Amino acid sequence: MAAVAPASEPTPTPTTTTGRQIPIVCPGHTRPLAELQFCSISENDNDEKQQRTFLVSACHDKMPMLRDGATGDWIGTFAGHKGAVWSCRLDPAALLAGTASGDFSVQVWDAITGQSLHNFPHKHVVKTVDWSLDSKRLATGGHEGVLRIFDMSQPKKEPLMLHQSSKEKVSISKCNWLDNSTVLAAGEDGNIRFWNVDETDASKQLAKAISVGDGIRDMELLTLSSGKRILTVAAGEKVTFFDIVSGQQIKSHKMPIHFKVEGGASLHPSGKKFIAGGGRRGGSMALGAGKEGGELGSDLLVYVFDFETGKMLECHKGHHGPVRCLRYHPDGKSYATGSEDGTIRLWKTDP
């Protein structure tokens, strides 16, 4: 288990001044957003520079959507769930989509036609889904406290089931594939468990665990432009960064917001700054964290922080409800935020 360094304290006011930014507003959803994911693919196999990026969104309105990642233009909707959709992920080739829902199911979709290909029943609310790097397997998790691994070449076969704890039920909030054999499962008990899904010996399937101390609301695994892989974790009142190879904590910054109910964080591809949004730690929802007055428990602002120091660089107004999810575009030039107000907003990184 990695050693935990003290978290830096937040800076209450921005250290740089930026003009008010008017983001692109993407309407369409009618209830709170739950998750956002960008996915970039090469449109020409002979030219990696010709890339197209998609944006998928999970929402409580039961209608996960696919959009153009640059313009926010709507492309399609995956219609079929009967409950809130908590997670939506495209596979690396953007040919398949997986969705996790409160209707106790996970569905796999043809991302081109929108047709439902498979429906995997669960026994409780499913909060997260993710594709392996080779698109051959799908990981799911949720309130059952069981990480399931589905073999997409044999969709009718019973999945591998990995219980997070033998002592208690530990709800899974997020899961991410590290490689084609290892899945990271973030628990509400504050632990991130590394599962070797190819290990046949049950006693050796749990490879290691990292603790952040508080229930984990968001987890992002990112390969920086330098090639370094960083795990970003939003939990409690902190955003913490880990070197995924060593498992050692790099930075931990205390935020002017909290992630106990909502929110998340995303690291810029350069590794120099990160964005965050979540619940209010104190003060008025309209004015933002740290201001006097008000009893509302949410914050409407989108924050940008310096990675090294944790200092606030920018904060932006625009949403009319709490920020529930955020992600940087893979090229780092923009980022997306999803809110309880039912909208997605696209912001410029350097307006």
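Are Arg327 and Glu220 buried or exposed? Both are buried, and their side chains meet in a salt bridge, with 3.7 Å from N to O. Arg327 sits in strand E26 (residues 323–328) and Glu220 in strand E18 (residues 216–223), so this pair ties together parts that are 107 residues apart in sequence. Keep in mind as you look around that this is a predicted model.

Stay with strand E26 for a moment, since Arg324 lies there too. The side chain of Arg324 meets that of Glu262 in a salt bridge, at 3.8 Å from N to O. Here again distant parts of the chain are linked: Glu262 belongs to strand E22 (residues 257–267), and the two partners are 62 residues apart. Elsewhere, salt bridges that share partners join Glu35, Arg89, Asp130 and Lys174 into one network.

How many salt bridges does a search of the whole structure find? The count is 16. One of them is formed by Asp68 and Arg52, whose closest N and O atoms are 3.5 Å apart. Arg52, with a relative accessible area of 30%, is partly exposed.

Now for a piece of the strand architecture. Strands E6, E7, E8 and E9 form an open sheet, in the order E6-E7-E8-E9, and the pairing is antiparallel. Why is one side of E6 and of E9 left without a neighbour in the sheet? Strand E6 (85–90) and strand E9 (116–121) stand at the edges and each has a single partner strand, so there is no neighbour on one side of each. Going from one strand to the next, the twist averages 15°.

Strand E8 covers residues 105–110, and E8 and E9 pair in the antiparallel sense over five bridges. A handy place to look is Val106, which stands opposite Phe120 in E9. In general, strands of a sheet pair through backbone hydrogen bonds, in either a parallel or an antiparallel way.

Definitions and conventions
Residues numbered from 1 in each chain as written. Predicted model: local features only at pLDDT ≥ 70, side-chain atom pairs only at ≥ 80, totals over all residues. Heavy atoms only, no water. Pairing = 2+ DSSP bridges. Helix = DSSP H or I, 4+ residues; strand = E, 2+ residues; numbered from the N terminus. Axes fitted to C-alpha atoms, helices over the stretch in contact; angles between N-to-C directions. Salt bridge = Lys/Arg side-chain N within 4 Å of Asp/Glu carboxyl O. Buried < 20%, exposed > 50% of the residue type's maximum accessible area, 1.4 Å probe, protein only.
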